[in-house]
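Please keep the sequence and the model side by side while reading.

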Amino acid sequence: MKKLYLRTFGCQMNVADSELMAQVLAGEYVLTQQAEEADLYLINTCAIRRKAEEKVLSLLGSLKGLKKRRPQLILGVGGCVAQQEGERLLAVAPHLDLVFGTHGIYRLPQMVRAAAAGRRVVEVDLKPGLPPWPQRQWPPKPVKALVTIMKGCDNFCSFCVVPHVRGREESRPPSVITAEIADFLAAGGKEVTLLGQNVNSYGRGLPEPITFPDLLRRVSAMEGLARLRFATSHPRDLSADLISTFLDLPPLCEHLHLPVQSGSNRILKAMNRGYTREQYLEKVARLRQSCPGIHISTDLIVGFPSETEADFAHTLDLMAKAAFDQAFSFKYSPRPQTRAATLPDQLPEVVKAERLARLQARQDELTIKAHGRLVGQTQEVLVEGLSKRAPEQLCGRLRTNRVVNFPGPRHLVGRLAQVHLTEAHPHSLKGRWVEDPPTP
Ligand code: SF4
């Protein structure tokens, strides 16, 4: 078998797409962790921020040497940067063999064969309609599954490149989704995350009338499912029905990622987000009321064009009011084809960096406080594997998605374990395994 090295940038959708790439190529290629021995090197890219894109271009440049040492190596770029740049990538990287867009994964075997025959291949069509989607095959003894339920986005937030590189929103039929999950559960899997750019609008355009809460109810009822999560939710489309599912569906974990992006109504309007800070905070209050203990995480952008110190103060204020357990925060960066990139009043980098540092310091305080409240409790952890930093320890997640490291026997991997939480850190907790009681 030839060897495939896959480098993935970006979000969980990209991780799921990379898993699909490995699957469609599995007849000819086996995955390797060693780039030096690869026959096929694929980079799955992210275009959400300029920095992410720059990383990809820099990696591509650094691969010239590898290509020289292994002239038979096929080098390909897929994902959002590939979709955005298309043929231009061949010009900036003469050692590149293949460029494939976000809808082209299922055609990879043919494209790779054409590249192996000496052609430089570019396929970045973004046709409406779902591309043929291979049924997922799961590895033996899987623990967690990322299941894509829809592609694309129709929201056109003014800062976001996603609708331009992933196309219009399309939902996969529920029967296909549940069949995929049934296979995963039959293989012993425990946790499923349903993925889409805006899962809350799942079902629009399908012949069978179905909403996202309906899909959650269907999946929750599947035999053997221990945990269910989803990402990402648009706050505007977070319905009362969806909020009630946290209480009604036992496998649905007490965690919601609800990107707010800004706490200023003026900036939210310029971002085309479709809600106000008051509406957002009201939904957070309803979530906390209906599901006490829910962990709410968010995304925040600082330095959007024309953002004033007063706008930024509104964001800090909203963070405190919402009491986010975790926030992923970024400096605004103009993206091609987006409306915000053409707005006047782009802020200097130094202003964005200073605001980001203040915001992150504020969030670190909130996160450590939230983690501190858990110390002394015993909670269920799904053990995912060995800790990356301390391989003598196990690593897993609470239902609220917090990472927990603790010493324990390897046979716990893939199982639910009770862990007594002993220490809080900014990005994780430490704990002690509470051994299972002996079976009578
Ligand atoms: S909802 Fe907005 S931020 Fe999210 S993918 Fe769609 S356009 Fe981008």
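In this predicted model, helix H10, which spans residues 240-248, has Leu 242, Ile 243, Thr 245 and Phe 246 among its residues as buried positions. Seen down the axis of H10, these buried residues fall within an arc of 145 degrees, so they line one face of the helix. An α-helix has 3.6 residues a turn, so residues three or four places apart point the same way. On the face of H10 turned away from the buried side, Ala 240 and Leu 247 are exposed.

Which residues does Phe 212 touch, once its neighbours within four places in sequence are left aside? Phe 212 is in contact with Ile 149, Leu 194, Val 199, Asn 200, Tyr 202, Phe 230 and Leu 242. Leu 242 is also one of the buried residues of H10, while Leu 194, Phe 212 and Phe 230 are the residues with the most contacts inside the largest nonpolar core, a set of 52 residues. Domain 2 (136-253) and domain 3 (255-372) both give residues to this core, so it lies between them. Apart from this core lies another, of 21 residues, with Cys 46, Leu 60, Leu 63 and Leu 96 among them. In soluble globular proteins, nonpolar side chains tend to be buried together.

The domain assignment divides the chain into domain 1 (2-123), domain 2 (136-253), domain 3 (255-372) and domain 4 (378-433). Between domain 1 and domain 3 the C-alpha centres lie 33 Å apart, and six residues of domain 1 are in contact with seven residues of domain 3.

Taken as a whole, the chain contains 14 helices and 19 strands, and 55% of its 440 residues count as buried. Among contacts between residues at least 6 apart in sequence, 71% join residues at least 24 apart. The C-alpha atoms fill a box of roughly 65 × 60 × 50 Å along the principal axes. A compact globule of 440 residues would have a radius of gyration near 22 Å, and the chain has 22 Å, which agrees.

Definitions and conventions: Residues are numbered from 1 along each chain as its sequence is written. This is a predicted model: local features need pLDDT of at least 70, side-chain atom pairs count only at pLDDT 80 or more; totals for chains, interfaces and linings use all residues. Side-chain values use heavy atoms; hydrogens and water are left out. A nonpolar core is a set of buried Ala, Val, Leu, Ile, Met, Phe, Trp, Tyr and Cys residues joined through side-chain atoms within 4.5 Å. Buried means under 20% relative accessible area, exposed over 50%, partly exposed in between (1.4 Å probe, protein chains only). Domain bounds come from an automatic or database domain assignment. Contact means heavy atoms within 4.5 Å. Helices (H or I, at least four residues) and strands (E, at least two) are DSSP runs, numbered from the N terminus. The radius of gyration is taken over C-alpha atoms; the globule rule is 2.2 Å times the number of residues to the power 0.38. The arc is that of the directions from the helix axis to the C-beta atoms.
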